[in-house]
Amino acid sequence: MSQLRAACVQFSARADKSENIALMAPLVAEAAGRGADVVLLPEKWNAWMDGPRLRPLAERLDGGETVEAMAGWARERGINLIGGSIAIVADDDAVHNVSIAFDRNGERVAAYTKIHLFDVDVGGFRLDFGVEGQP
């Protein structure tokens, strides 16, 4: 019987995307070091902003600071990595909430664009995705 060890990384994102990436790296390394085959990151871990503040932090699916970091972590640690979700700019220039999966070689093997976004109030912060789900 095969076994699979998964690790879910809990993380409290800050306003600075580069800082979030730097802070996430050792958490992914720790999960891999503890034997995780699959590491799952939380939603919007690299940039928690919404609306106009999120647009400058969004990346292209084929590359960007966060996408490259996740691919590198998967490759360097030999893990499958599911990148929670991050803001991705699509070909139509809309920003979407996208979860990306990488294999042990750091290759993107899947990407899921969330289509049913919601508004929520949490701890005095409001995430408002609007009627059509576009920040």
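Tutor: Let's start with pairing: two strands count as paired if DSSP finds at least two bridges between them. Helices (H or I, at least four residues) and strands (E, at least two) are DSSP runs, numbered from the N terminus. Keep in mind that this is a predicted model, in which local features need pLDDT of at least 70 and side-chain atom pairs count only at pLDDT 80 or more, while totals for chains, interfaces and linings use all residues. Residues are numbered from 1 along each chain as its sequence is written, and side-chain values use heavy atoms, with hydrogens and water left out.

Student: What makes S5 and S6 a pair?

Tutor: Five bridges join S5 to strand S6 (residues 108-113), and at least two are needed, so they pair. They run antiparallel, and one of the bridges links Ile 100 to Ala 111 in S6. The hairpin they make has five residues between the strands, including Gly 106 with a positive phi near 80°.

Student: Why is S5 called mostly covered?

Tutor: Buried means under 20% relative accessible area, exposed over 50%, and partly exposed in between (1.4 Å probe, protein chains only). In S5 (residues 95-102), eight of eight residues are buried. In a regular strand the side chains alternate between the two faces of the sheet. Here Val 95, Asn 97, Ser 99 and Ala 101 are buried on one side, and His 96, Val 98, Ile 100 and Phe 102 on the other, which covers both faces of S5.

Student: Is Asp 93 buried, exposed or partly exposed?

Tutor: Asp 93, in the loop between S4 and S5, has 45% relative accessibility, which falls between 20% and 50%, so it counts as partly exposed. Its phi is positive, about 75°, although it is not a glycine.

Student: What about Lys 44: buried or exposed?

Tutor: Its relative accessibility is 10%, under the 20% limit, so Lys 44 counts as buried. Lys 44 is in the loop between strand S2 (38-40) and H2, and has a positive phi of about 55° without being a glycine.

Student: Why are H1 and H2 described by the angle word they get?

Tutor: Angles under 35 degrees count as roughly parallel, over 145 as roughly antiparallel, 65 to 115 as roughly perpendicular, and the rest as oblique. Helix H1 (residues 17-33) and helix H2 (residues 65-77) pack at about 15°, with axes 11 Å apart, so they are roughly parallel.

Student: Which residues does Glu 65 touch?

Tutor: Contact means heavy atoms within 4.5 Å. Not counting residues up to four places away in sequence, Glu 65 touches Lys 17, Ser 18, Ile 21 and Glu 59. Glu 65 is in H2 and has a relative accessible area of 37%, so it is partly exposed.

Methods. Axes are lines fitted to C-alpha atoms, for helices over the stretch in contact, and angles run from 0 to 180 degrees between N-to-C directions.
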